[in-house]
Amino acid sequence: MQKLMPNRRAFLAGSAGLVIAAAVPLPGRAARGTDVFAPNAFVRITPDSVVTVLVKHSELGQGTWTGLTTMVAEELDADWSQMRAENAPANVELYASSIFGVQGTGGSTATPASWMPMRQAGAAARAVLVAAAARDWGVPAEEITVRAGVVSHTGSAGNLQATFGELVALADGLEPPAEPVLKTPDQFVLVGRDVPRIDAPEKSNGTAIYAIDVFRDAMLTVAVARPPKFGATVTTFDPTEALAVPGVRRVEQIPSGIAVYADDTWAAFRGRDALNVTWDETDAETRSSDEMMTVWAQAARSAPAIAEDRGDIEAAISEATDVIEAEFRFPFLSHAAMEPLDGVVELSEDRAEFWMGSQWQTSDQNEAAARFGFPPENIAINTMLTGGSFGRRTTADNHFTAELSEIAKAAGPGAYKLIWSRKDDMRGGYYRPLTVHYMQGGLDSDGNIVAWRNNVATQSLLAGSPFEQFITDGIDGSSVEGARGLPYRLPNARVALATMNSPVPVLWWRAVGHTHTAYATEVFLDELLERGGKDRVQGRLDLLEADDADRHRGVLERVADMANWQGPDAGNGIARGVALHKSFGSYVAMIADVSIERDVPRVHKVWAAVDCGIAINPSIIETQMTGGLGFGLSAAMFEEITLRQGGEVDQWNYDAYRIMRNNEMPEVEVAIIDSAIDPTGIGEPGTPPIAPAIGNAIRALTGETPRRLPFVAT
């Protein structure tokens, strides 16, 4: 069995947004029929000259299909109109991420992990097409050109031309080069252009197929009754009334609860409502989130695990002229994706086939194999388009795949569709963890920062998962990412961690730890700069001293120019806040214009500058930045999951879990820094800086720093 054992160095590098694989082999060939040219696992060309790219990373709305297909088309010298994309099947041997070592999508790695493999795939295919034409025409391959999907030669034999499709049969049997020659950035034709999104037509005309659209013969739809409190288990249940509901076919106990099988969704939900279940709450979380926050805050004061230690923090604090303390509190957050979890499995005696929005195919495949007792090659996973995720579909425990597998196991061979309602998803946990930061900062008599302490109290995302091996000396890196290794000159600094325990399942949420560390660090830094009499932008620029300070400086200076930064007072009751943060290898600076209307912050405009290396598709980068900051803005303003006394979740749907509405979205202006450096992540870096930019503006307006998020109580 292929075990989920990601390479330690690769995982750490991926977490930091670095590409460690300069080149990867191009194993295998894409699934093919007759008259299909498939030089490697990523490219298929048919006689009609259609080029289909098998995309190994999931399309979650972030533009992966378009970006990765652009890389292939660029090196293939194809015309964009002939390009197509579809999800690759689950196959770790062919489609493992060059960063993680397994097939999966996360950490804003789809683009950097594919930058070399997909270009190599396109270049290799191009080389074979050229070789086929050269052999057929009897001319040197070096004299052949390829442009916009047409292979040409001009010489003594006259003007010769062929489309890709016309060369399909001639290319059969030719071996692609092991190390195809790649273009240099100055030769790019498609990279750097706003080519249209390849998935836009089917998503616009309603023909896009999601897991909810999959139907199999004699399929039953299943809803599961799960514990009302995290950590509770089934004591007894009576299926009698559920089985009396028209359309309900059977009821089975599975590890996660009681499964109700029915002819359709409505019957399954009604049958579940009719169940009589008693729960054992012995090991359940019964504290309210307010009680937990208090415990977390106490722990943050004495966080025992040291994640970073520079200079002598204790001496620096004691000798500082001015010492400031702050405590920042962050709530549980739901991913709240538009498409709740759903999927289909069809089980036979010796194999199973899944249709679902898998984001972690190797892990899902292994989980299902273990549940059924089949070899992984007997588990087929069809990765479907996904209506948002933001990390929700990459659980380390593969809970959705496990539940879907157990449903099939309990009922035997057949087809089953598992539906999580919005209520199931919002009450079902896998939240961004509740977190508290305790900060201390010291200034000397000239207002310079001489001491910096950041203690974090939060649940671990890695503990108890296959990734637990990456916890070092008590430090889960995802808990303190963005808190340590700051680019600023902080001569005496300590970052420490208190890892908290609770049965509440937690999960990486878009931008993971950066979403709370960016707020704590950039807001507290802003306070120290203000207390020291420094300008918020120039003060940051003066402190930058990291090896990559030029890239930090580049985005900060660019955004200051865009907003015509003159200080935090923008006049007319509007204040400006600034924030600078690097995540997933990309650098982002933001300035936000904010006012207070009816005691509620209103964000008027946001300027954002991003350096993410080579901009493969500037339009998608702008969209990702806008969407990412909108996502972070919504959370900062309104979003919060709360547990009431006893441990039950208060929020069940969008009516109680307030998200930002369209008319509340500010005007956004994005600038992309020109670069020839390999691309880095863009799906998440837009999220972390927006909350501190707004928090700093609110302090400029009110004189009070928001210490607890969200800004607006709901």
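Student: Is Glu179 buried or exposed?

Tutor: Burial is read from relative accessible area: buried means under 20%, exposed over 50%, and partly exposed in between, using a 1.4 Å probe and protein chains only. Glu179 has a relative accessible area of 72%, so this residue is exposed. Glu179 sits in the loop between helix 5 (164-171) and helix 6 (200-205). Helices here are DSSP runs of H or I with at least four residues, strands are runs of E with at least two, and both are numbered from the N terminus. Please keep in mind that this is a predicted model, where local features need pLDDT of at least 70, side-chain atom pairs count only at pLDDT 80 or more, and totals for chains, interfaces and linings use all residues. Residues are numbered from 1 along each chain as its sequence is written, and side-chain values use heavy atoms, leaving out hydrogens and water.

Student: Which residues does Ala410 contact, leaving aside its neighbours within four places in sequence?

Tutor: Contact means heavy atoms within 4.5 Å. With those neighbours set aside, Ala410 touches Arg250, Glu252, Ile254 and Tyr261. Ala410 belongs to helix 12 (residues 399-411) and counts as partly exposed, at 27% relative accessibility. Ala410 and Glu252 are 158 residues apart in sequence, yet their C-alpha atoms are 6.6 Å apart in space. One of those contacts, Arg250, also lies over the face of Tyr261, 5.8 Å from the ring centre. For such a placement, NZ of Lys or CZ of Arg must be within 6 Å of the ring centre and within 35 degrees of the ring normal.

Student: How many aromatic pairs does the structure hold?

Tutor: Rings of Phe, Tyr and Trp (its six-membered ring) pair if their centres lie within 6.5 Å; planes under 30 degrees apart are stacked, over 60 edge-to-face, and the rest tilted. The structure holds 17 aromatic pairs. In one of them, Phe230 and Tyr431 have ring centres 5.9 Å apart and planes at 90 degrees, so this pair is edge-to-face. Phe230 and Tyr431 are 201 residues apart in the chain, and both are buried. Trp452 and Phe524 make a tilted pair, with 5.6 Å from centre to centre and 55 degrees between the planes. Here Trp452 comes from strand 20 (residues 449-459) and Phe524 from helix 15.

Student: At what angle do helix 15 and helix 19 pack?

Tutor: Two packed helices are described by the angle between their axes and the distance between the axes. The axes are lines fitted to C-alpha atoms, for helices over the stretch in contact, and angles run from 0 to 180 degrees between N-to-C directions. Helix 15 (residues 514-531) and helix 19 (residues 690-702) pack at about 35 degrees, with axes 8 Å apart. Among the residues that meet are Tyr519 and Glu522 in helix 15, and Pro692 and Arg699 in helix 19.
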